[in-house]
Amino acid sequence: MTFQRARSDEQREVRRRVILDTAAAMLREMPAAELSLNELSRRVGLAKSNVLRYFESREAVLLELLEHEIHGWVDDVAAELAAEDRRGPVAERADRLAAVLATTLQHRPVLCDLVAAQPAVLEHNTSVETVLRFKRSTRDHLAAVTTSARQLLPELGPTAGQLCLMSVVIAGALSAQSQCSPSALAAYEIEPELAALRLDLPAALEDTIKTLTAGILARSRAHHPTSAACRTH
């Protein structure tokens, strides 16, 4: 693909969208750490200097992709929770909420990969303005998913935001830990009993978020026993 020079805002937006879409396709083939600006430029059909007219760095491209992934995840959670029965015991609704958070995160491997790379990679080599825009957008998206979570489990109260944020962080960490190198796979083949150290991402993610949800609810009840009892009845 080759481009003529963009002369309008619409054309520039098309270039930005193509760069982002190409990077997203590359992340389905490789982890974020392996995505290079040179290869991205080659696949887009622009010189690297031209790509840098639209994004200040490779990391800025990935940070914007993460913003889009978070937005998509928030929509996924809202759609799944809208179909959930909001009646029933607190423990059952807590498990259903945790299952939805875990499943929707698991189905977005690019999101998990980018979250894992965010502190050490994505937020470096980017301007303060770029990071500020990303943080503000993330704050707003988390507020939206928190609202969805509270609709199913109002007993969470103000701690719903903490649950949603930590679920994303945990998904990134567990996703990174579940990726096995060829050497690790060979080690498991040689000593099968070591396979107990290998994470099964879907099960580990759901179990961890369920445990986190139960712990947050227990702590909330301990700090506010009267209000928690009122919501339960």
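1. The protein chain has an average pLDDT of 90, with 92% of the residues scoring at least 70, where pLDDT is the predictor's confidence in each residue, from 0 to 100. This is a predicted model, in which local features need pLDDT of at least 70 and side-chain atom pairs count only at pLDDT 80 or more, while totals for chains, interfaces and linings use all residues. Residues are numbered from 1 along each chain as its sequence is written, and side-chain values use heavy atoms, with hydrogens and water left out.

2. Some caution belongs with residues 227–233, over which pLDDT stays under 50 and for which the model has five contacts beyond four places in sequence; contact here means heavy atoms within 4.5 Å.

3. The largest nonpolar core has 64 residues, and Ile 19, Leu 40, Trp 73, Leu 97, Leu 114 and Leu 205 touch the most other members. Such a core is a set of buried Ala, Val, Leu, Ile, Met, Phe, Trp, Tyr and Cys residues joined through side-chain atoms within 4.5 Å. Helix H4 (residues 58–82) gives the most to this core, with 11 residues, helices being DSSP runs of H or I with at least four residues, numbered from the N terminus. Leu 205, leaving aside neighbours within four places in sequence, is in contact with Ala 102, Leu 105, Gln 106, Ile 170, Ala 171 and Leu 174.

4. Ser 178 belongs to helix H8 (residues 160–178), and Ser 175 is placed in helix H8 as well. Ser 178 counts as buried because its relative accessibility is 14%, and Ser 175 counts as buried because its value is 8%; buried means under 20% relative accessible area, with a 1.4 Å probe and protein chains only. A polar atom of the Ser 178 side chain lies 2.8 Å from the backbone oxygen of Ser 175.

5. Not counting residues up to four places away in sequence, Ser 178 touches Leu 199 and Leu 201, while Ser 175, under that exclusion, touches Cys 112 and Leu 201. Leu 201 is therefore named among the contacts of both serines.

6. A search of the whole structure finds zero disulfides, a disulfide being a pair of cysteine sulfur atoms within 2.5 Å. Cys 112 is in no disulfide, and the nearest cysteine sulfur, that of Cys 164, is 15 Å away. Cys 164 is likewise in no disulfide, with the sulfur of Cys 112 as the nearest cysteine sulfur. Cys 112 counts as buried because its relative accessibility is 3%, and Cys 164 counts as buried at 0%.

Key:
Helices (H or I, at least four residues) and strands (E, at least two) are DSSP runs, numbered from the N terminus. Buried means under 20% relative accessible area, exposed over 50%, partly exposed in between (1.4 Å probe, protein chains only). A polar contact is a pair of N or O atoms within 3.5 Å; within protein, one must be able to donate a hydrogen and the other to accept it, and residues adjacent in sequence count only if both atoms are side-chain atoms.
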